[in-house]
Amino acid sequence: MLYAIISEDVDNSLERRLAARPDHLARLEALRDEGRLVLAGPHPAVDSDNPGDAGFSGSLVVAEFDDLSSAQAWADADPYMIAGVYASVTVKPFKKVLP
């Protein structure tokens, strides 16, 4: 089943994000390589593809997991969680309708 992992950043998270980004991306790439990743990306803190120093306000990952507890465990082990980038993370089932 698909799960949405919706994360909200702490204030001024950009420096922490940049430090943890290589490990964070490696985990996402592993999901992609397994054919389980639907989409992933950050929410810019301002209305721009390249927010610069404004940074990001959170992230969204939609991926396939065996069950909710597996999705939650994956989210809890995210390098951004460990680095203190995220203030909160919500994991919930997701039903893709389009496209």
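Biologist: Is N12 buried or exposed, and what is its relative accessible area?

Modeller: This is a predicted model, so local features need pLDDT of at least 70, side-chain atom pairs count only at pLDDT 80 or more, and totals for chains, interfaces and linings use all residues. Residues are numbered from 1 along each chain as its sequence is written, and side-chain values use heavy atoms, with hydrogens and water left out. N12 belongs to the loop between β1 and α1, where helices (H or I, at least four residues) and strands (E, at least two) are DSSP runs numbered from the N terminus. If buried means under 20% relative accessible area, exposed over 50% and partly exposed in between (1.4 Å probe, protein chains only), then N12 is exposed, at 76%.

Biologist: How far apart are the C-alpha atoms of D11 and L37?

Modeller: D11 lies in the loop between β1 and α1 and is exposed, with a relative accessible area of 70%. L37, for its part, has A63 in β3 as its bridge partner. Along the chain D11 and L37 are 26 residues apart, and their C-alpha atoms are separated by 27 Å.

Biologist: At which residue does the kink in α1 lie?

Modeller: From its first C-alpha to its last, α1 reaches 27 Å over 20 residues, close to the 28 Å expected at 1.5 Å a residue, the expected span being 1.5 Å times one less than the number of residues. The bend at a residue is the angle between axes fitted to the seven residues ending there and the seven starting there. A kink of about 55 degrees is found shortly before the proline P22, at R21.

Biologist: What is the order of the strands in the open sheet?

Modeller: Strands of a sheet pair through backbone hydrogen bonds, either parallel or antiparallel, and two strands are taken to pair if DSSP finds at least two bridges between them. Here β2 and β3 pair in the antiparallel sense over 7 bridges, as do β1 and β3, also over 7 bridges. The open sheet of 4 strands, with antiparallel pairing, therefore has the order β2-β3-β1-β4.

Biologist: What angle does the direction of α1 make with that of β3?

Modeller: Axes are lines fitted to C-alpha atoms, for helices over the stretch in contact, and angles run from 0 to 180 degrees between N-to-C directions; contact means heavy atoms within 4.5 Å. α1 packs on the sheet, touching β1, β2, β3 and β4, and its direction makes with that of β3 an angle of about 10 degrees.

Biologist: Which two residues are joined by a cis peptide bond?

Modeller: P99, one of the pair, is found in the segment after β4. With omega at about -15 degrees, the cis bond joins L98 and P99.
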